[in-house]
Amino acid sequence: MKILTLHGINLNMFGKRDPKHYGTATLADIDASVQALGKELGAEVECYQTNCEGEMAARIHQAYLDGIDAIIINAGAWTHYSYGIRDALAIHTAPIIEVHMSNVHAREEFRHYSVFGQLAKGQICGFGVESYLLGLRAAVAAVQEAKKG
Ligand code: DQA
């Protein structure tokens with residue numbers, strides 16, 4: 001089972017951003033935790049980050065061509081307005097799990113809406129690094145379920 005974890009704009013700065021919202025883990029720490037759990041769950045997890053919207057769309061297209069089993073995405077601020085990333089994700093039939101470190105609903109109003117909401121199998125927010133790990137567990141379960149039926 002192959003799962004792609006995508007991190008969008010500004011997420012390479014985790015560890016330096018407001019710890020009240022994002023804790024102190026770096027992106028490398030997050031990726032290491034996600035990959036370690038992937039091993040435990042029998043999933044091969046690739047992690048990718050970019051600050052360039054076009055590069056993110058191209059990576060999402062490639063994942064479709066590669067037949068990825070599931071996508072976990074924290075698109076950062078793109079979540080709230082990028083129809084380009086949304087349309088790239090819409091090409092997929094594989095499950096998409098949206099994650100956020102912070103509880104976006106307890107923050108500014110512009111963070112309450114996700115343009116990916118309709119496409120996502122589910123959304124997880126507010127648990128810091130654990131949001132990614134819960135997202136990975138949900139992704140693995142969704143893939144296993146799809147393979148059964
Ligand atoms: C975020 C929440 C977004 O609103 C914000 O723009 C981010 C990070 C999160 O992980 O909590 O950059 O996606």
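The tour goes from a helix to a strand residue and then to the ligand.

Residues are numbered from 1 along each chain as its sequence is written. This is a predicted model, in which local features need pLDDT of at least 70 and side-chain atom pairs count only at pLDDT 80 or more, while totals for chains, interfaces and linings use all residues, and side-chain values use heavy atoms, with hydrogens and water left out.

Select residues 53–66, which form helix α3 (helices are DSSP runs of H or I with at least four residues, strands runs of E with at least two, both numbered from the N terminus). Now colour M56, A57, R59, I60 and A63, which are buried (under 20% relative accessible area, with a 1.4 Å probe and protein chains only). Seen down the axis, the buried residues of α3 fall within an arc of 160 degrees, so they line one face of the helix (the arc is that of the directions from the helix axis to the C-beta atoms).

Next select T5 in strand β1, where T5 counts as buried because its relative accessibility is 0%.

Finally, select the ligand: one of its oxygen atoms is 2.7 Å from an N or O atom in the side chain of N74, and a backbone N or O atom of M101 lies 2.8 Å from a ligand oxygen.

Note on methods. Expected span 1.5 Å × (residues − 1). Buried < 20%, exposed > 50% of the residue type's maximum accessible area, 1.4 Å probe, protein only. Polar contact = N/O pair within 3.5 Å; in protein donor to acceptor, adjacent residues only side chain to side chain.
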